[in-house]
Amino acid sequence: MQGKLVVPDWQYFVDKCSTCYTKALSVTEGEVASYIPILAKADPAKFGVSVCTIDGQCVSFGDCKDEFGVQSSMKPLNYAIALETCSFRKVYQHCGIEPSGRPFNEMVLDHRRINGEFHKHNEFPGSDNHDFENDEDDFAAKYDDHGRIIKATKVPHNPCINAGAIMCSAIIEEGCTVATKLETVQGYWERLTGQKKKFHVNEEMYSSESDTADRNRCLAYMMKEAGAFPECAGLERELEFYFKCCSQMQNAESMAIVAGTLANGGCCPVTGDRIFSPLTVQSVLSVMFTCGMYDFSGQFAFSMGFPAKSGVGGSILMVIPGVMGICTWSPKLDINGNSCRGNAFAMYLEGKFMMIDVPCKLPTPNVYVPP
């Protein structure tokens with residue numbers, strides 16, 4: 001032991017987290033999601049919190065072992081899997097990275113590529129020092145002499161809204177069966193959780209989600225009409241896969257390890273397994289920071305200063321880059337679809353430790369700039 005753990009006074013931190021948990025437990029506002037019938041059955045009194053640091057220190061409180069459907073909390077991870085298994089150009093060709101300013105299931109696509117409002121030097125931040133030479137044929141947009149796109153399609157604004165998540169479902173193992181897609185995702189998720197949680201889909205939740213998915217089917221047909229999907233996409237197949245990913249069961253402890261993996265630049269803190277590249281993690285955390293908390297994303301980013309992604313099952317995945325991952329789970333949601341107790345815990349923890357001032361310790365990756 002060298003005394004160089006990222007949280008050197010662990011017991012002090014645990015005591016403060018316990019205080020924050022107790023304070024958040026007293027929050028009684030919110031309603032359990034009911035637009036997917038099975039979610040309405042969740043016990044509104046449940047509340048679990050887990051923390052996993054980048055060097056593998058873990059602590060949990062409350063109902064941390066109770067399983068829940070990940071719902072939208074899985075979206076940044078499927079985005080990461082799409083980035084890892086395809087080229088960045090391929091993913092960016094079909095899904096944007098901009099906040100939409102609209103509800104998560106709004107029937108809208110980003111027109112700005114068609115309107116020529118994006119400039120190639122502004123689409124991705126950073127330098128062009130990464131070798132993407134082999135991806136040239138994957139990126140469909142064409143540019144004029146001034147760097148403006150002159151040929152492109154409408155696309156979902158970002159992978160944290162439903163349209164973008166459905167698009168990522170189409171990109172993962174493009175053209176393959178649902179079983180093949182699930183096998184790929186299962187492999188990633190079991191590594192992300194440090195092999196501590198077997199990947200499994202709640203079939204009752206999947207059926208409940210599929211039976212009430214008129215809006216998601218509308219989103220898929222809207223994207224098909226716009227020509228946004230990859231060539232080999234099949235609408236019902238992609239939707240089935242998307243619904244099953246949302247119906248995956250995890251708990252706060254396993255999801256904290258997932259968040260800790262993102263905090264650790266893509267390396268699982270409990271196994272040392274390199275799962276995502278630093279470049280992928282940077283891309284994912286950027287989108288989580290700007291788009292991860294539904295219509296509360298801007299306020300959360302401004303107030304907390306770290307990336308997060310919520311789901312209507314009551315979970316919030318929080319990432320303190322270079323320090324730790326946190327998962328909270330409590331089914332009662334606010335008007336934006338975020339867990340009331342989860343938000344309260346984040347607010348209390350931020351007040352105790354000023355997480356926004358924690359320096360990022362991620363390695364500096366090469367940053368992709370489309371041609």
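Over the ring of which residue does the charged end of Lys23 sit? The charged end of Lys23 sits over the ring of Tyr348, 4.3 Å from its centre.

The model is predicted, so that local features need pLDDT of at least 70 and side-chain atom pairs count only at pLDDT 80 or more, while totals for chains, interfaces and linings use all residues. Residues are numbered from 1 along each chain as its sequence is written, and side-chain values use heavy atoms, with hydrogens and water left out.

**View 1. Charges over the rings of Tyr348 and Tyr206.** A charge sits over a ring if NZ of Lys or CZ of Arg is within 6 Å of the ring centre and within 35 degrees of the ring normal. Beside the pair of Lys23 and Tyr348, Lys244 lies over the face of Tyr206, at 5.0 Å from the ring centre.

**View 2. Aromatic pairs, including Tyr21 with Phe47.** Rings of Phe, Tyr and Trp (its six-membered ring) pair if their centres lie within 6.5 Å; planes under 30 degrees apart count as stacked, over 60 as edge-to-face and the rest as tilted. The count by this rule is 8 aromatic pairs. Tyr21 and Phe47 are stacked because their ring centres are 4.6 Å apart and their planes are at 10°. This pair links Tyr21 in helix 1 (residues 10-25) with Phe47 in the loop between strand 1 (31-32) and strand 2 (48-53), 26 residues apart. Helices (H or I, at least four residues) and strands (E, at least two) are DSSP runs, numbered from the N terminus. Tyr21 and Phe47 are both buried, where buried means under 20% relative accessible area, exposed over 50% and partly exposed in between (1.4 Å probe, protein chains only). Ring pairs join Tyr21, Phe47 and Phe61 into a cluster.

**View 3. The tilted pair of Tyr242 and Phe243.** With ring centres 5.8 Å apart and planes at 50°, the pair counts as tilted. Tyr242 is buried at a relative accessible area of 2%, and Phe243 is buried at 1%.

View 4. Two strands pair if DSSP finds at least two bridges between them. Strand 8 (residues 308-310) runs antiparallel to strand 9 and is joined to it by 3 bridges; Ala308 has Met318 as its bridge partner. Strand 10 (residues 324-329) is also antiparallel to strand 9, with 6 bridges, and Val319 has Gly325 as its bridge partner.
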